[in-house]
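Here are my notes on this model, as numbered points. Please keep the structure open while you read.

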Amino acid sequence: MRYLVLATDYDGTLAHDGVTDADTVAAIDRFRAAGGRPILVTGRELPDLQRTFDRLDLFDRVVAENGGLLYDPATKRERMLGPASDPRLVELMRARAVTPLSVGRTIIATVEPWEQVALEGIRTLGLELQVIFNKGAVMVLPSGVNKATGLCAALDELCLSPHNVVGIGDAENDHALLDRCELSVAVANAIPTLKARADLVTAGARGAGVTELIERILGDPRDSQMSPPRHRFALGRVQPAVADASRGMVDEAGDRQRDVLIEPVGHRLLISGPSGAGKSTLTNTLLEQLAAQRYQFCLIDPEGDYETFERG
């Protein structure tokens, strides 16, 4: 299974109005049974999430507070991933009668239009904090803390790579999460900007979309849509005798050429030719791109041609 990790948002993705249906829970259970490692990534505070959803045991890790807190459901261990919420800002927002106002371990949460008070308080107090939106919700977090950083912390604990991850979400605060995943997916009810940037958009909304995605992950491994073109490596260009001119590119001499691309996973490449034909140059080009994107590879080099290769 290429995508060993499913990183899913909660509200608007896994759940509808805070409720996760039985079919979606069963789909996550099937994913686990097949060897998958589900991770829940949410803006909610952990106590609120625990009151709302009683199946956190389905997940290997829970990233709460929009990346500010990491929770292991098996051991009940919590780990803060940023500084504690600043009491001075909380006091200022309470004095301005901001409501609702929720204070977590690292997050301060309210709703629009109270972001103006939050921004004013951050500026007045000289704090280094950021404001993140989520379909009307407003979250104040330490600078640099988001769902992507929380996911990476979870993956580090599980000894897994972002290249193992398919991520799915629906709202503004899911951009960073999906950008960090090998395959990014938006549910049908997602905001337009997230759909535009995602590799895939499900036909189903919310939990039905998550179930649809899981069925695809567990289905045909040759599904071409599960291999985003954005990860392909360029090996060079082919001339008109080989390239399809209708898909080509025009060089300065006017000849049509086409980039030769290869996916980083699940394909084989044979490089052959006489000495001096450029085999080493092509191999270096491929290895450099693999290393730059932090893919794993095994290099067997009996002649020592690549002893000075920078592995990144």
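1. Start with a cut-off. A residue is buried under 20% relative accessible area and exposed over 50%, and partly exposed in between. R96, at 40% relative accessibility, therefore counts as partly exposed. Keep in mind that this is a predicted model.

2. Now the overall picture. The protein has 312 residues, and 45% of them count as buried. It holds nine helices and 15 strands. The C-alpha trace spans about 75 × 45 × 40 Å along its principal axes. The accessible surface comes to about 16000 Å². Carbon and sulfur atoms account for 50% of that surface.

3. Contacts across the sequence come next.

4. What does R96 form with E120? The two form a salt bridge, with the closest N and O atoms 3.2 Å apart. R96 lies in the loop between helix 3 (87-95) and strand 6 (102-103), while E120 lies in helix 4 (residues 115-125), so the pair ties together parts that are 24 residues apart in sequence. E120 is partly exposed, with a relative accessible area of 33%.

5. How many salt bridges does a search of the whole structure find? The search finds 22. One of them joins the side chains of R61 and D72, at 3.5 Å from N to O. This pair links distant parts of the chain, 11 residues apart. R61 sits in strand 3 (residues 61-64) and D72 in strand 4 (residues 69-72). Are these two residues buried or exposed? R61 has a relative accessible area of 10%, so R61 is buried. D72 is at 9% relative accessibility, so D72 is buried too.

6. Look next at E157 and R77. Their salt bridge brings the closest N and O atoms to 2.8 Å apart. E157 belongs to helix 5 (residues 147-158) and R77 to strand 5 (residues 77-80), so the bridge ties together parts 80 residues apart in sequence. E157 has a relative accessible area of 24%, so E157 is partly exposed. R77 counts as partly exposed because its relative accessibility is 38%.

7. Turn to strand 10. Why is strand 10 (residues 165-169) described as largely enclosed by the rest of the structure? Because five of its five residues are buried. V165, G167 and G169 point one way from the strand. V166 and I168 point the other way. Residues on both sides are buried.

8. Strand 10 also has partners. Strand 1 (residues 5-8) pairs with strand 10 in the parallel sense, over four bridges. There V5 stands opposite V165. Strand 11 (residues 183-186) runs parallel to strand 10, and four bridges join the two. G169 has A186 as its bridge partner in strand 11. Between strand 10 and strand 11 the chain passes through helix 6 (residues 175-180). This β-α-β crossover is right-handed.

9. Last, the aromatic rings. A search of the whole structure finds two aromatic pairs. The ring centres of Y10 and F53 are 5.5 Å apart and the planes meet at 40°, so this pair is tilted. Y10 and F53 are 43 residues apart, and the pair links distant parts of the chain. Y10 lies in the loop between strand 1 and helix 1 (22-33). F53 lies in the loop between helix 2 (46-52) and strand 3. Y10 is buried, at 0% relative accessibility. F53 is at 6% relative accessibility, so F53 is buried as well.

10. F53 has a second ring partner. The rings of F53 and F59 have centres 6.4 Å apart and planes at 65°, so the pair is edge-to-face. F59 is buried, as is F53. Together, ring pairs link Y10, F53 and F59 into a cluster.

Definitions and conventions:
Residues are numbered from 1 along each chain as its sequence is written. This is a predicted model: local features need pLDDT of at least 70, side-chain atom pairs count only at pLDDT 80 or more; totals for chains, interfaces and linings use all residues. Side-chain values use heavy atoms; hydrogens and water are left out. A salt bridge is a side-chain nitrogen of Lys or Arg within 4 Å of a carboxyl oxygen of Asp or Glu. Buried means under 20% relative accessible area, exposed over 50%, partly exposed in between (1.4 Å probe, protein chains only). Two strands pair if DSSP finds at least two bridges between them. A crossover is right-handed if, with the strands pointing away from the viewer, the path from the first strand over the helix to the second runs clockwise. Accessible areas come from the Shrake-Rupley method with a 1.4 Å probe; for residues, only the protein chains shown count as cover. Rings of Phe, Tyr and Trp (its six-membered ring) pair if their centres lie within 6.5 Å; planes under 30 degrees apart count as stacked, over 60 as edge-to-face and the rest as tilted.
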